[in-house]
Amino acid sequence: MTVESSSEAAVSSRIAGILLAPLRWAMGLIDLPMSWVQRRLGTGGVVAAMLAPNMLIFGVFVLFPMFLNVLYSFTGGGALFLESRVFVGTEQYETLLDCRTYLDPASCREDRFWRAAGNTAFFVIVQVVLLVLVSLITALVLNREMRARGFWRAVFFFPVLLSPVVVALIWKWILQRNGLLNAALAQVGVEPVLWLVDRNWAMFWAIFLSIWAHLGFYTLILLAGLQAIPADLYEAAEMDGTPRSRVLARITLPLLWPSLVVVILLALIRAVQVFDEVFVLTGGGPGSATLFLVQYIYETGLAQQVRNLGLASAASILMALVLVVLTLIQLSATAWRERREKR
Amino acid sequence: MSIGSFLTRRRGGASWHFTDVLAWIWLVSGLILMFGPVIWLGLSSFKTRAALSEFPPTLLPYETRMVEVEGHDEPLPLYRVTTEDGEERLMVQVRRIGTMAQMADPEHPEETVRVPLQAREPVRELQLATENYTEPFERLNFLRFFYNSVFVTVVATIITLIVNSMAAFALSKYEFKGRAAVLAVILATLMVPLSVIIIPLFSVINGLNLFNSLWGVVLPTVATPTGVFLLRQYMLTIPDELLEAARMDNASEWKIYWRIVLPLAMPAIAVLAIFSVMWRWNDFLWPLIVLSDRELYTIQVGLNSFQGELNVQWQYVLAMTVVSMLPVVVIFAFLQRFITTGIASTGIK
């Protein structure tokens, strides 16, 4: 280290020291009651005091609402608070699940729920398959020996950090009637398309957008998985003159499989909750072509003139069940991957 | 060596394989598809309202040149007019009547000529409509939105770091009855994302009188289970001998937390801080539910309300989209390494 850089470090650490002085003072102040607790109640008291803020916030804003959600789903009426709501038993669930034929949303009493569920199921299947495929290809490409790998990784990764509103607005601007895409198509003689007014195109763009925004995240996890594959395996294959397709099928993919499972499950869990990008892009339209479950819950429970909290709670319980199953599988898959990596 | 083989030479003299070509096609189309839209957003955000409604759009923000002419209060647009005898002249448009335009020589504005619309072409020059960036701050509450977003992000991140690190410390450095239960409860809530508890959470927020307040946006988000787990995993690697040594020196448990464990856990805390800033800055659904007063909107909710208007003022929406991206872009530019290693090692986002 040169003299200059060490003095620079000294200056910056002094600045940090001055900036942190109030924090240090505050922490010292907290030490007084904490030491008192420790003297009175022993170490256990301190541990409880340390856990308390997090668990309190957690309890009030996560655990209690979870519990409340179940209760709400058995009540009806328009009141906001539980004490003035009417107990209706399983009526809300019956309303949601009342269909003459389950394949036709129009035959259901709550047809918007079934449309939302159907759209979500379609979205989840198509989006996850494409997303994992695109991420896998991108990770394989980025794992090659190349110049400026950091740059290329950043190219695919940066949309992950953009807010869903920004992502939606970027694409909404391009997909406008006189937007960039229609202008480019006009160059090759194609009539302008109203991308977000056509049912099928709207769904296409909803899927496209969510892949565009999230593929970098999954690529990164897969890339980490690829780089954990021991290089000597590849060297051995090269010495044997194994063709590349065989290397991919026999070495890369089997060893990447644990990461791939985690990626698929994470993508599934996210896809079930699809909301913000699509909501800003299409508002769920045209009609209910891109209406998804979270938007259904939000609109039924909170955004309508007449709030139907009971129905929305019942719908979110049904959605939560799906998520719980997926998350349990994901957690055990992660544990499985870690065990395999340790071996 | 010919130029072609020079450009395509490879390290180690290996020859080109068809997968190399495919990989490059993938990378280049990725570059266009990922970067293109953002660059297009940036370029468009400098166009005036008139230029934005043009079809086909120009790549760069061109604007018709305006000329100050005697006898007219407003500057008039300048056109290149082809007269009937095939001569080209620069003229300003005084008025447009149907398919004809009343044009005049900028030097002699009193003599006007009628010219058919197709016989003229606007004189265009590169011009950045910087008013797209300044006007929303002056007139449209955007400063307010920005302030709200900064408040939510900063306060939520500070509280997250404090409460999560304290809980992680307690859960990693002490053996106590019920520790497994606490961990299981936190783990269980990983399964219940905010989007499935919005209904009861809304009534809790109302019950606490936090509806339509920024604290109502902040509080439900701060006790992140991912944060507790991230920090706990890291703190488990800090050797207990250090803590024992401090106890020998009569340090209180609180002192051990903030003088020893917290400084040593800084790398993990930095990762959590970066993620928390991005989460809170980008949050949309929850602020949308809690905030009903326009004055309290965060920048994301504000942007959404502008783009949802009947007559969207795209020139402002685009510029403010760019502004709302800036903090995240700056974070990414400087801290990319932290973010990518954070994701790759923990799978959080």
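# Chat on a two-chain model

Visitor: Where is Lys177(B) found?
Guide: Lys177(B) is in the loop between helix H5 (142–173) and helix H6 (179–190) of chain B. Bear in mind that this is a predicted model.

Visitor: Is Lys177(B) buried or exposed?
Guide: Lys177(B) counts as exposed, because it has 7 C-beta neighbours inside 10 Å. The cut-off for exposed is 12 or fewer.

Visitor: How far is Lys177(B) from Arg65(B)?
Guide: C-alpha to C-alpha, they are 77 Å apart in space. In sequence, 112 residues separate them.

Visitor: OK. Where does Asn250(B) sit?
Guide: In chain B, in the loop between helix H10 (240–248) and helix H11 (253–264). Asn250(B) counts as exposed, with 7 C-beta neighbours inside 10 Å.

Visitor: And what about phi of Ala148(A)?
Guide: Phi of Ala148(A) is also positive, near 55°. Ala148(A) lies in the loop between H3 and helix H4 (149–157) of chain A. Its 9 C-beta neighbours inside 10 Å make Ala148(A) exposed.

Visitor: H3 of chain A, then. At what angle does H3(A) pack with H11(A)?
Guide: About 155°, with the axes 8 Å apart. H3(A) covers residues 111–142, and H11(A) covers residues 293–303. H3(A) is therefore roughly antiparallel to H11(A).

Visitor: Which residues make that contact?
Guide: H3(A) brings Arg112(A), Phe113(A), Ala116(A), Ala117(A) and Thr120(A). H11(A) brings Leu293(A), Gln295(A) and Tyr296(A). By class, the contact has five nonpolar, two polar and one charged residues.

Visitor: Now between chains. How many residues does each chain put into the contact?
Guide: Chain B gives 77 residues and chain A gives 79 residues.

Visitor: Which element gives the most on the chain B side?
Guide: H2(B), with 13 residues. The side of chain B that touches chain A divides into 54 nonpolar, 20 polar and three charged residues.

Visitor: How does H2(B) pack with H5(A)?
Guide: At an angle of about 75°, with their axes 10 Å apart. H5(A) is residues 164–175 and H2(B) is residues 18–44. The two helices are therefore roughly perpendicular to each other.

Visitor: Which side chains should I look up there?
Guide: From H5(A), take Ile170(A), Trp171(A), Trp173(A) and Ile174(A). From H2(B), take Pro37(B), Val38(B), Trp40(B), Leu41(B) and Ser44(B). The residues of this contact divide into eight nonpolar, one polar and no charged.

Visitor: Quick geometry check. What should H12(B) span?
Guide: H12(B) has 17 residues, 266–282, so at 1.5 Å a residue it should span 24 Å. Its end C-alpha atoms are 24 Å apart, which agrees.

Visitor: Which of its residues are buried?
Guide: Among the buried residues of H12(B) are Ala268(B), Ile269(B), Val271(B), Leu272(B) and Phe275(B). The list also includes Arg280(B) and Asn282(B).

Visitor: Last one, domains. What is the assignment for chain B?
Guide: Domain 1 (17–61), domain 2 (62–126) and domain 3 (133–346). The C-alpha centres of domain 1 and domain 2 of chain B are 34 Å apart.

Visitor: And how is chain A divided?
Guide: Into domain 1 (3–51) and domain 2 (110–342). In chain A, the C-alpha centres of domain 1 and domain 2 lie 42 Å apart.

Key. Residues numbered from 1 in each chain as written. Chains lettered and ligands numbered in written order. Predicted model: local features only at pLDDT ≥ 70, side-chain atom pairs only at ≥ 80, totals over all residues. Axes fitted to C-alpha atoms, helices over the stretch in contact; angles between N-to-C directions. Helix = DSSP H or I, 4+ residues; strand = E, 2+ residues; numbered from the N terminus. Parallel < 35°, antiparallel > 145°, perpendicular 65-115°, else oblique. Contact = placed C-beta atoms within 7 Å. Nonpolar A, V, L, I, M, F, W, Y, C, P; charged D, E, K, R; others polar. Domains from an automatic or database assignment. Expected span 1.5 Å × (residues − 1). Buried ≥ 20, exposed ≤ 12 C-beta atoms within 10 Å, placed from the backbone.
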